Amino acid sequence: MYYPSPLDTSNINIPKELNILIESLAKNNHEVWAQQRIKEGWSYGPKRNDDKKQHPDLVPYEKLTETEKDYDRNSAKETIKAIISLGFALQKK
């Protein structure tokens, strides 16, 4: 049986100045996901249909629901928290 054990990032607070980075990473995560799906032959469809390779989230990031955006934002936040917990620093050039 598989028991996931991600880094414990519960004590990491992301500085507010990284909110722009979080949103940019979230959008990029969606773009990478969508690009891969399109390469695999998927297209937009109002409901997910694996047989027809249709997915309702194959739209620009701005058109996603807040729930879907939050999925990408949480992924970005956890990545940033992992980077910080591993001792790296993020700074804008």
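Which residues line the largest pocket? In this predicted model, where local features need pLDDT of at least 70, side-chain atom pairs count only at pLDDT 80 or more, and totals for chains, interfaces and linings use all residues, the lining consists of Pro-15, Glu-17, Leu-18, Ile-20, Leu-21, Ser-24, Ile-84, Leu-90, Gln-91 and Lys-92. Residues are numbered from 1 along each chain as its sequence is written, and side-chain values use heavy atoms, with hydrogens and water left out.

**The chain as a whole**

The protein chain has two helices and two strands, which follow the order α-β-β-α from the N terminus on; helices (H or I, at least four residues) and strands (E, at least two) are DSSP runs, numbered from the N terminus. The C-alpha trace spans about 45 × 40 × 20 Å along its principal axes. The radius of gyration of the chain is 16 Å, while a compact globule of 93 residues would have a value near 12 Å (taken over C-alpha atoms, with a globule rule of 2.2 Å times the number of residues to the power 0.38). Of the 93 residues, 24% count as buried, that is, under 20% relative accessible area with a 1.4 Å probe and protein chains only.

**The two pockets**

Rolling a probe the size of a water molecule over the atoms shows where empty space is left. A pocket is an open set of points on a 1 Å grid over the protein atoms alone, where a 1.4 Å probe fits, with protein on both sides within 12 Å along at least five of seven lines, and lining residues have an atom within 4 Å of a point. Grid points are joined across faces, edges and corners, and a volume is the space filled by probe spheres set on the points.

| Pocket | Volume | Residues from helix 1 |
|---|---|---|
| Largest pocket | about 230 Å³ | three residues |
| Second largest pocket | about 190 Å³ | four residues |

Helix 1 covers residues 19–39 and gives the most to the lining of the largest pocket, and helix 1 also gives the most to the lining of the second largest pocket. Among the residues lining the second largest pocket are Trp-33, Arg-37, Trp-42, Asp-57 and Tyr-71. By class, the largest pocket is lined by six nonpolar, two polar and two charged residues, whereas the lining of the second largest pocket divides into four nonpolar, three polar and five charged; here Ala, Val, Leu, Ile, Met, Phe, Trp, Tyr, Cys and Pro count as nonpolar, Asp, Glu, Lys and Arg as charged, and the others, Gly among them, as polar.

Note on methods. Buried means under 20% relative accessible area, exposed over 50%, partly exposed in between (1.4 Å probe, protein chains only).
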